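Take a walk through this chain from its start to its end.

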Amino acid sequence: QMVLSEKVNQLMEWASKRSVIRMNGDKFRRLVKAPPRNYSVIVMFTALQPHRQCVVCKQADEEYQILANSWRYSSAFTNKIFFAMVDFDEGSDVFQMLNMNSAPTFINFPAKGKPKRGDTYELQVRGFAAEQLARWVADRTDVNIRVIRPPNYAGPLMLGLLLAVIGGLVYLRGSNLDFLYNKTGWAFAALCFVLAMTSGQMWNHIRGPPYAHKNPHTGQVNYIHGSSQAQFVAETHIVLLFNGGVTLGMVLLHEAATSDMDVGKRKILCIAGIGLVVLFFSWLLSIFRSKYHGYPYRYVTA
């Protein structure tokens, strides 16, 4: 059994080389499970090997590395808390010991005692963004970590490209700027923005949820989160598509009622519009029912 000073020195040596300490079963039992311990260890249990095909694990690992690096290179860095990782292919015995059957999972092993219920991070509810993980770490350990992300030039580049395109259009068509007053174009742009916002894209930006969830045992992929308190990125794309289908149906109904086409074409537009509205709104209600269990109403499909 290692004495406390030996444990701390060993962890500090590893942390100086790598912000996230990789552990196998032996290291985990000696440095995390076995007393004495006066430090907390945040452990990410994951499955990063390519044959595991855990896309969410890779996404969560990127955010976890950002959080660990923010702590390791901050002026407040101490030996009060360490960040570690146990990969299933390197420590399957640890997964069995903890009766763990899903990945990624984040658990805080406190300095004293065993982990409590709140020491397991609610990934499906809070997402795996580094900022959300930092708030959870502060709540469990009283260690406040200021997340510092590496520079991301994608946003400025896209903005510069957009401004260049707009500037080019104005330069090429400086004598004819009627396209700026095109109501259809502005309506389409506004509609796209509304569909994106109502589908939950802003929630994704704030919470950073996984794209979908794959059960590591059955291999089944879930694109719709089963709780009303969370969502997957794929879920927002599906909702956006369904909302777009309902909107298209309403547009066709409007055209059928107001256009100057012959009666036959207007009937076709009307039938197509009603069909789109009924079908896509029914699917939206199906998603709603799957997230709000016990909701008693349905439209067409179950």
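The paragraphs below follow the chain in order.

This is a predicted model: local features need pLDDT of at least 70, side-chain atom pairs count only at pLDDT 80 or more, and totals for chains, interfaces and linings use all residues. Residues are numbered from 1 along each chain as its sequence is written, and side-chain values use heavy atoms, with hydrogens and water left out. Helices (H or I, at least four residues) and strands (E, at least two) are DSSP runs, numbered from the N terminus.

Start with the loops. Pro 36 sits in the loop between α2 (25-33) and β2 (40-46). Pro 104 belongs to the loop between α4 (92-97) and β4 (105-109). Asn 99 is in the loop between α4 and β4 too. Its phi is positive, near 55°, in a residue other than glycine.

Now the helix pairs. Two packed helices are described by the angle between their axes and the distance between the axes. Here axes are lines fitted to C-alpha atoms, for helices over the stretch in contact, and angles run from 0 to 180 degrees between N-to-C directions. Angles under 35 degrees count as roughly parallel, over 145 as roughly antiparallel, 65 to 115 as roughly perpendicular and the rest as oblique.

Take α3 (residues 55-72) and α6 (residues 130-141). Their axes come within 9 Å and cross at roughly 55°. The two helices are therefore oblique to each other. Which residues of α3 and α6 meet? From α3 come Glu 63, Tyr 64, Ile 66 and Leu 67; from α6 come Ala 130, Leu 133, Ala 134 and Val 137. Contact means heavy atoms within 4.5 Å. By class, this contact of α3 with α6 has 7 nonpolar, no polar and 1 charged. Ala, Val, Leu, Ile, Met, Phe, Trp, Tyr, Cys and Pro count as nonpolar, Asp, Glu, Lys and Arg as charged, and the others, Gly among them, as polar.

Next comes the part of the chain with record annotations. The unreviewed UniProt entry lists "transmembrane region" for residues 153-172, 184-203, 238-256 and 268-288. In the model, residues 184-203 are 90% helix and 0% strand, with end C-alpha atoms 29 Å apart. Residues 238-256 are 100% helix and 0% strand, and their end C-alpha atoms lie 27 Å apart.

Helix α8 (residues 183-198) has 16 residues. From first C-alpha to last, α8 reaches 22 Å, close to the 22 Å expected at 1.5 Å a residue (1.5 Å times one less than the number of residues). Gly 200 follows α8, with a positive phi near 105°.

Helix α8 also packs on α10. Their axes come within 9 Å and cross at roughly 135°, so α8 and α10 are oblique to each other. This crossing of α8 and α10 is right-handed. Leu 191, Leu 195, Ala 196 and Thr 198 of α8 meet Leu 240, Asn 243, Gly 244 and Thr 247 of α10. The contact of α8 with α10 divides into 4 nonpolar, 4 polar and no charged residues.

The last pair is α10 (residues 233-258) with α11 (residues 263-291). They pack at about 155°, with axes 7 Å apart. That makes α10 roughly antiparallel to α11. Their crossing is left-handed. The contact of α10 with α11 has 22 nonpolar, 4 polar and 4 charged residues.

Key
UniProt positions renumbered as here; feature names shortened; annotations may be inferred. Left-handed = near helix turned anticlockwise from the far one by under 90°.
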